[in-house]
Amino acid sequence: MNRFSITRRQALFLFIICTISSKLQTLPCMFSEDVGNNLWLVLLFGAAIDIIFFSLTILINHLCPNLTIYDLISQTLGKVVAKLVCFVLILYFLFTALMPYEAVRNVFANNLFDTLPWQTFSIFLIFAVGYLAFSGLKTIGRSSELYLVIIVASVGILVVLGAFSADFGNILPVFNTNFAEISKTYVNHSIWFGDYMIFLCLLGRIDTSKRALKQIDVLIYAWLMIFYAFGYIVFYCLYTVLASSQTSLISSISAFSLLNLSVGRPDWFLVLLSQIASVLSLSTYLYCVSDSLNNIFGKKHYAICSIISVVILYLLDFLLFSHSGVSYMGYMHISGVISLCIQLILPVFCVFCAVLATLKNKKHTKERK
Amino acid sequence: MVFSKYLATSWFKNNDDVVCREITCGAKTVCVFFVSSMIDKSLLAQTVLKPISDLKSASFKNIKQAIFCPEISDIENKKDFISSLLSGSALVFVNNSKKAISINLADFNVRSITEPPTSQVTKGPREGFVEDLNTNLSMVRRRLKSPNLAVKKLVVGRHTKTNVCVVYLDNIADKKLVKVLQDKISKIDIDGIIDSYYIETILEEGKLKFLRRIGNSEKPDVISSRLLEGRIAIFVDGSPIVLTLPFLLIEDLQSPEDYYQISARTTFLRIVRLIGLILGVLLPGIYVALQSYQYRVLPMVFLVTLLSNIEGISLPPILEILFVLFLFDILAEASARMPKLLGMALSIIGALVLGETTVQAGIISPPSIVVVAISSIMLFIIPDDVPQVSLLRILFTIVGGVAGFYGMLMSFIMASTYLVSADGYGVPLLSPYAPTNKIDKHDAIIKKPLLDLKTRPTVFQKKNITRIGGKKHE
């Protein structure tokens, strides 16, 4: 197994970690601002759409098992189109990476370092993420194996701790909002969805004798979303209207659980451990950016590409949020629509290419015969 | 001039312990050539000198038949003359012949076999390796009475001519790795190999050599079991430490005693060691971060107690802890070097004079001493000496003081990334956890009972992995 391939198990773990990072940080706070107690419905709605497109990703893998997206498109439509798609992927993953990057900032800066200059201290994060991305997909995959249990256990305990102090009556009445509201909220925050895009980018990199993706993965995703929906309900039941003013579900959900015991906030250690998910997901996104950059520049300069992608991420954060004063929400609404288009169009486009490639292969085989 | 005389006067003219004993047998002169400080003289007299002097006619063949020694060979090149002479052999020359009979009579003073001070056990074998290569090999041979136990001898060092043995089980170990190691060792160009650490350093892979990628042990039972797992051992003459590879980081948490007690107890102890290792490294940093930034995490009652104890301390938390760590390292280093008789005096100076008076003087606070003491004790529960952890402890303390939990978390991730990405001779150091290996997890943190360990670790090689019930494979 080389530096740029991972096992099926590692890919699945990475995917789970990325969903934790994308769904359980800032997203529920923003959902509650838009739809109040129906935040979990938006999650399930988005998850349903993701499941459809996740199935398409699996279909691509089944049609062309060992091909990367770049190879698939360059074989069917030529290198120019493949490089164009890589460029789109770079944009997509860079803008997606900004989300967990900001989430980490929110957790640490708002809850621990009130007066800390983030631009200086984010260098620690950039180094950690950059080092992971630079080390390659194999290291990211192995790290996911090492940390999955810790992350899942931390998040699980935090949600359970929160559930003990939640008043579940606060979630009622259910379905008191219309579908348009839910779909609008989903579109505005769709940048947090589309986790299957990681798999799309990892296709051809998953080292397995059989198929890299299986239908059971969709089921795992569905179960995860049900657990997250429960987390959202607990979160809303704890904070109700104040849920929208929180910065992160993970850091807020267990805040009241231990107050009666007057033991401070030892649950913060769990919050801290759960932040590893953000770092790992960030490094995965950056790997996808570096890999796409590498494809554009001829598959020879991965190390340089990873350094470039880290620097771009740092500068993007600095220019967008610190320097030009673009609001986080504003950014999300604009990037949400763009990312939704990419999430919906790219898998369909890749299915088209996969079908073309399969037909080509069949034709070649017939001609040989 | 007789050739042997020429040897003595030209090559060994400055060596007064090189002796050339001449015996006249009829018309011929037999010259017995040896280094007096390296051989068993009584054995020489009985098995070589007397039989030769009893001979009526001295021919090469006659002498060879007359000598009673088991290790005897013919040599005729200059290099071999010198090396066998300096390895404790006596050389017998007949007249002006340029051919010699080499008789191994080596007798070096060897330390007796004792329990190694670095890995003492309450249960299990107490033997430890010594500095003599043959004694060490015999201890392993006694445990592994198999014709498959291969011993490949190599000589390294321009001046030391140190014997280095690559030992492995031929039907289990990875042959490619054996070849790689033999090639690497035979290509070593160095003036001398004094200890196995020299070989360890040379064989280390990777640019950033912060982590060791080669295991070691002083115990023959440990080496034997590692050989049975498919590892390769490297014995170095003059060193009681035997190297083994491939190496897994989990080995640092495993004690020889783990295999001589119930598996549940072993598992518990390994978990304790792991927690001890992590906390030992992170605790000073956590304390500094808590005091400097994240004091809100602490329970109110505890916070009040802490504040009352640190009141009046002039040093900032980070400097205070670094000072205590520095003090601890000085004491540890001094106690290691100091004669045993002075140990008591050092304890009094360390505990009473330095500890109490610095607290009373307001230089350091009692909690910081407690934190460093707990951290140090935790690091000592690791069975193997891992020098990297004390350096990591200082690093995490500095990071905790500069950037609190956030910085510590990021540094922790970077350190783990380094660990995760590190391979030693094709084997991931963090195996069986990253990457996951289900079979090998049976004897990692959790140890299953002996009868459940049906296979050898598969990370070293995939062939011949059956351990229990695999007679037909052997």
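Helices (H or I, at least four residues) and strands (E, at least two) are taken here as DSSP runs, numbered from the N terminus.

## Basis of the model

This is a predicted model, in which local features need pLDDT of at least 70 and side-chain atom pairs count only at pLDDT 80 or more, while totals for chains, interfaces and linings use all residues. Residues are numbered from 1 along each chain as its sequence is written, chains are lettered from A and ligands numbered from 1 in the order in which they are written, and side-chain values use heavy atoms, with hydrogens and water left out.

## Second largest cavity

A cavity is a set of points, on a 1 Å grid over the protein atoms alone, where a 1.4 Å probe fits but cannot get out, and its lining residues have an atom within 4 Å of a point. The second largest cavity is lined by residues including A:T68, A:C86, A:R205 and A:N295, and α12 (268–296) of chain A is among the helices that each supply at least two residues of this lining. The largest share, three residues, comes from α12(A).

## Strands of chain B

Strand β1 (residues 18–25) of chain B and β2(B) pair in the antiparallel sense over eight bridges, where pairing requires that DSSP finds at least two bridges between two strands. These two strands form a hairpin with two residues between them, and B:G26 in the turn has a positive phi of about 65°; within this pairing, B:T29 in β2(B) is the bridge partner of B:T24.

Strand β2(B) also pairs in the antiparallel sense with strand β4 (residues 89–94) of chain B, over four bridges, and B:C31 stands opposite B:F93 in β4(B).

Definitions and conventions
1 Å grid on protein atoms, 1.4 Å probe; cavity = no way out; pocket = protein on both sides within 12 Å on 5 of 7 lines; lining within 4 Å.
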